[in-house]
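Have the model open and try each task before reading the solution.

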Amino acid sequence: MEKVDYKPFENVSFSVTEVLSCIRKHQDEVRDLVRGQYVDFMPSAHDYHLLLDSAKLLEVEIGELRTTMNQLSVDKSSAARNDLCQYQRDLEEGVRGYKIAKKLLSIHDLFEALSRTENSYEKRAHMLAKIKQLLNDIEDPVLPELHCFQNMILRYEIEYSGLINDLNTQFKKLVMLQQRTFHNTKSVTIKICKDEVQLCQVVVALLKTQHNFRFVCRFLLDEVFAPVIVKPVSLICDEKSDDEHVQIQLSYQLKVAEELRPGYKTVLSNMIQIFYNLSNMNAVLSEDECLFKVLARQMKKELCEMLIEQCLERDIPGTIEGMKDSPMVKDVTDFNGILTTFNFVDGENDTRLEEYANSIESIHHKKLCDNVLESALEIMKRESHDMVVIEQHEYQFASSTNTATGQSSNCMVTRTAVEMKKFLDKVLTEVQTQHGEAADQLVKTIATILERYTVDVPMANEKLLFKIPQQSALFRNDCSYLNYWLQKNDDKLKEHCSFACISESLKTCGEEIFQHQLSSQRTQMLQALNGFELTNSLVELGSEHQRAIRQCIRQFELLKNVWQTVLPDSVYKQSISGLVDVFLREVIKRVQSLEDITTAIGNGLVLLIDIMKETLPKLFKEPSEVHQLVKQWTKLMQLRQILCGSLVEITELWAEGKGPLTMCFSAEEVKHLVRALFQNTKQRQACIASIA
């Protein structure tokens, strides 16, 4: 096409017309070429190289014509101004058509060039990226509707899939990921080609195509890092023995005992070796993109969580000594830095391990408290049959009377309680070495232990505590023993929290269990006294009456055997005297209920009272204490005197309301007994008359 010589304004019309004609001709030729290639799939008569050249010339002419038209100075009110605007509109309309033709021709040119670069993966990826950009950049809404345009999209997808398949095939040859499963073992092998140039070309091409490497990530997570984190593995990382490949080999047993899991140091060391050798395939696309970054975006979060939950969490020391000697915080922080050095970063989880390292101290405190509580619960679950003597200076819950009078007194607690006290002493010592939240957590754990004691121990030993008198007494002592420990250390604990409620709970729990036992013993005694039934029709006492009394006495003697050396002296005296008092009150009440007491019955009652007189004082270390401790004892002795005495003796014992009988009996009670024991005679009437 000849170049137009633009001179006056009147030549613009001719130039626009000729350029538009050239554009239409160019469009027709491009249309024929594209239709032949992408619709009819027939060879085109047009040489697209010539079309490219003519397009360049045409673009120059369009540019020059635009410049000339922009430089023309025309009066805005003249008709020539309107003509010039029309010429510009016509030219712009033609240019839009030219641009579509140019885009189609450019896409075709790239496809043609693509077919000549089969072995250059990076160039193919680059050209496909340009084609995709052109296909996505649509200026004319009619363009996507063209059949040829749709076929171009289809060809792009075919070419892209072909490139990805070729790259994947080549990548699998250069980076071989293999795993074999045997009966109880598994072997995993990774071979990375040492041909850095070829490997880099393939990886870079994959990166340019935005390949996601999902298969590689899944293999590394499932077949490499997961077993390394949770199982003892045999790991060999070899760069020298094979001239062509860097090798990573690991093998492990499929079933491994929990206690054989590797420590975190071994895990981190193995992971560093693996990353170091994997870095041989870490091709760099640009300053902001490399293979490890792509892998990190898909697997770093899951890898960090797996490492934390399956390894680090388990290895955080649960003891003060262990934490003092542990370099875990530094090791985890250093490992996180190594991952950054390898460029295994994703922008979201890069501080995950460092943040976890900073929280290890607080996690340790929680774990320590959990271990402390667990150890305490283990102590609580131990058998509590063994007893330990606690001397007066070791406790302050014995009788205050004994302490005041200077008498020494021992009692017993279970070995479990002693071990619990020693354990609490150890924990409290640790509290003194800690500060702030760590100390508060340990003190709260002590509170939890004592709270659990009042719940878990009764629940675990329910049958023993409620059925066996010795066990209920021991538990009462154990609670008082721990309560005393709590009160003794109140100055060390009050700075952190109040233990007043726990102290009351310990005291109440022990007392309630023991009181339940006392109630059970009273019920048992009263049931035994069912055999001691006295009625007005009774002529003499039978063997069942004596058996009932002896059974109750035997019950008291058994309680003495299991309580006297176990309970504090004051508690024992109060408990056994209370039971005896109820027993005597019941016996006396039944005797007083008789309307007629025959000589045989009276003698039998005296015999039974003598048995009680001989045996019951022996329940106490000092038999004479029965007079002070058992309220009904004096009344029982006076009842014996009435049963044995004559009317004269009874009159003297009453002594007109001033005698010893008045201490325990009322006038009506004495009169009733006199009427039951003696026949109605003048002497009996005189005796009754003297009792007022």
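**Exercise 1.** Find the ring over which the charged end of Lys172 sits.

*Solution.* Start with the criterion: a charge sits over a ring if NZ of Lys or CZ of Arg is within 6 Å of the ring centre and within 35 degrees of the ring normal. The charged end of Lys172 meets this over Phe215, at 5.6 Å from the ring centre. Next, turn to Lys635, whose charged end sits over the ring of Phe665, 5.1 Å from its centre.

A word on the source: this is a predicted model, in which local features need pLDDT of at least 70, side-chain atom pairs count only at pLDDT 80 or more, and totals for chains, interfaces and linings use all residues. Residues are numbered from 1 along each chain as its sequence is written, and side-chain values use heavy atoms, with hydrogens and water left out.

**Exercise 2.** Work out how Phe225 and Phe275 are arranged, and where they lie.

*Solution.* First, the rule: rings of Phe, Tyr and Trp (its six-membered ring) pair if their centres lie within 6.5 Å; planes under 30 degrees apart are stacked, over 60 edge-to-face, and the rest tilted. There are 10 aromatic pairs by this rule. Phe171 and Phe213 make an edge-to-face one, with 5.7 Å between centres and 70° between planes. Phe171 is buried (under 20% relative accessible area; exposed is over 50%, partly exposed in between; 1.4 Å probe, protein chains only), at 5%. Phe213 is buried too, at 1%. Now Phe225 and Phe275: this pair is stacked, 5.2 Å centre to centre with 25° between the planes. Phe225 is in helix H7 and Phe275 in helix H8 (residues 264-278), so the pair ties together parts 50 residues apart in sequence; helices are DSSP runs (H or I, at least four residues), numbered from the N terminus.

Definitions and conventions: Helices (H or I, at least four residues) and strands (E, at least two) are DSSP runs, numbered from the N terminus.
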